[in-house]
Amino acid sequence: MIVELIAVGLVVSACLAIYLDEAVYSIASLASMLVLMAVLYALNGAVFVAVFQLAVGAGTLAVLFLAGEMLSEKPEKEKPLKKIFLVALLAVVLSLPSIFFSVAVMPANIFSGLSFADALWNLRVIDVVLQGLVIMTVALGIAIVLHERKEGES
Amino acid sequence: MDYIILSVVLLAVGIYGLLAKRHLVKVLISIEIIAVAASMNFVLFASSANRALGEAFLVLAFSTDACVTAIVLALLVIATKKYGTCDIRKLAEMERSADEEPASVEAEA
């Protein structure tokens, strides 16, 4: 029952994040979606991933809040409450198929006895290193682009 | 409870936002929703079959997702400072008119 409620909450908050005009409300809705997703992961036994999701989500949302508040203009007129409820109702209807229908899937039978640490540090160690390089490159690239932009302005 | 259908629904919501919304922050939120929908499959399949490889993939996917967010936010800052708007259609129009202006000046000369 809890999982079903979380699924409904996920779809409703995703729809509201897209629908609401004001950036702050929209980002708050996205925050609730990420928290619900982390709870869903934890309920399914993936506690590491749930914690990681919360940590990454917290960072992303903090930056998004700042960007949304600083850079977006206020909408001319607010959306009526009735329409927001209608969208939420539509989202509840959209989430119903995932509760009442099922798709049969045959899981592949590979790497069944692996622990999380083994999978990450032994099997995918090159991926982890490359991922670190990608993050460093992206951070450097963004710093260079913003720095050039600043020089161009002055 | 079927996570594949839930993932498809979230993906559809994200794609709708990507196509219909014009504000860059909304585009970023749509990308986040699509990323969450895609990564949900990894972790829920992996945990249902008691396998850790899917969870390890997801941790890697999160960092890629954070990179995408950083890039879009940098674009957002640059676009707002240069053009004063976050509307992607207005930005495209401005870029188009900026491309057309030198051509018309050359034609007049």
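What share of the contacts in chain A between residues at least 6 apart in sequence join residues at least 24 apart? The share is 65%, where two residues are taken to be in contact if their C-beta atoms, placed from the backbone, lie within 7 Å. For chain B, residues 24 or more positions apart account for 42% of the contacts with a separation of 6 or more. The structure is a predicted model, in which local features need pLDDT of at least 70 and side-chain atom pairs count only at pLDDT 80 or more, whereas totals for chains, interfaces and linings use all residues. Residues are numbered from 1 along each chain as its sequence is written, and chains are lettered from A and ligands numbered from 1 in the order in which they are written.

The model scores ipTM 0.82 and pTM 0.81. Chain A averages a pLDDT (the predictor's confidence in each residue, from 0 to 100) of 81, with 89% of the residues scoring at least 70. Within chain A, confidence is highest in H1(A), at a mean of 90, and lowest in H5(A), at 74. The mean pLDDT of chain B is 81, and 89% of its residues reach 70 or more; here the lowest mean, 76, belongs to helix H4 (residues 88-108) of chain B, and the highest, 90, to H1(B). Where pLDDT is low, the predicted coordinates should not be read in detail.

Chain A contains six helices and zero strands, helices (H or I, at least four residues) and strands (E, at least two) being DSSP runs numbered from the N terminus. Along the sequence, chain A follows the pattern α-α-α-α-α-α. Chain B has four helices and zero strands, and its elements run α-α-α-α from the N terminus on. Of the 154 residues of chain A, 27% count as buried, while buried residues make up 38% of the 109 residues in chain B; a residue is buried if 20 or more other C-beta atoms lie within 10 Å of its own, exposed if 12 or fewer, and partly exposed in between, with C-beta atoms placed from the backbone.

Within chain A, the axes of helix H2 (residues 23-43) and helix H3 (residues 47-71) come within 9 Å and cross at roughly 175°, the axes being lines fitted to C-alpha atoms, for helices over the stretch in contact, and the angles running from 0 to 180 degrees between N-to-C directions. H2(A) is therefore roughly antiparallel to H3(A), a term applied to angles over 145 degrees, with those under 35 counted as roughly parallel, 65 to 115 as roughly perpendicular and the rest as oblique. The residues of H2(A) that meet H3(A) include Ile27(A), Leu30(A), Leu34(A) and Met37(A), and those of H3(A) that take part include Gln53(A), Leu54(A), Leu61(A) and Phe65(A). The residues of this contact of H2(A) with H3(A) divide into 17 nonpolar, three polar and one charged, where Ala, Val, Leu, Ile, Met, Phe, Trp, Tyr, Cys and Pro count as nonpolar, Asp, Glu, Lys and Arg as charged, and the others, Gly among them, as polar.

The largest nonpolar core has 59 residues, such a core being a set of buried Ala, Val, Leu, Ile, Met, Phe, Trp, Tyr and Cys residues joined through C-beta atoms within 7 Å. H2(B) gives the most to this core, with 13 residues. The residues with the most contacts inside the core are Leu10(A), Val11(A), Ala14(A), Cys15(A), Met37(A), Leu10(B) and Val43(B). Among these, Met37(A) touches Leu10(A), Gln53(A), Val36(B) and Met40(B), not counting residues up to four places away in sequence.

Between the chains, 48 residues of chain B are in contact with 59 residues of chain A. On the side of chain B that touches chain A, H1, H2 and H3 of chain B each supply at least two residues, and the largest share, 19 residues, comes from H3(B). By class, this side of chain B has 34 nonpolar, seven polar and seven charged residues.

Two positions in chain B illustrate local packing. Lys21(B), found in the loop between H1 and H2 of chain B, is buried, with 20 other C-beta atoms within 10 Å. Apart from residues up to four places away in sequence, Lys21(B) touches Ile18(A), Lys26(B), Val27(B) and Ser30(B). Gly54(B) lies in helix H3 of chain B and is buried, with 22 other C-beta atoms within 10 Å. Leaving aside neighbours within four places in sequence, Gly54(B) is in contact with Phe42(B), Val43(B), Phe45(B) and Ala46(B).
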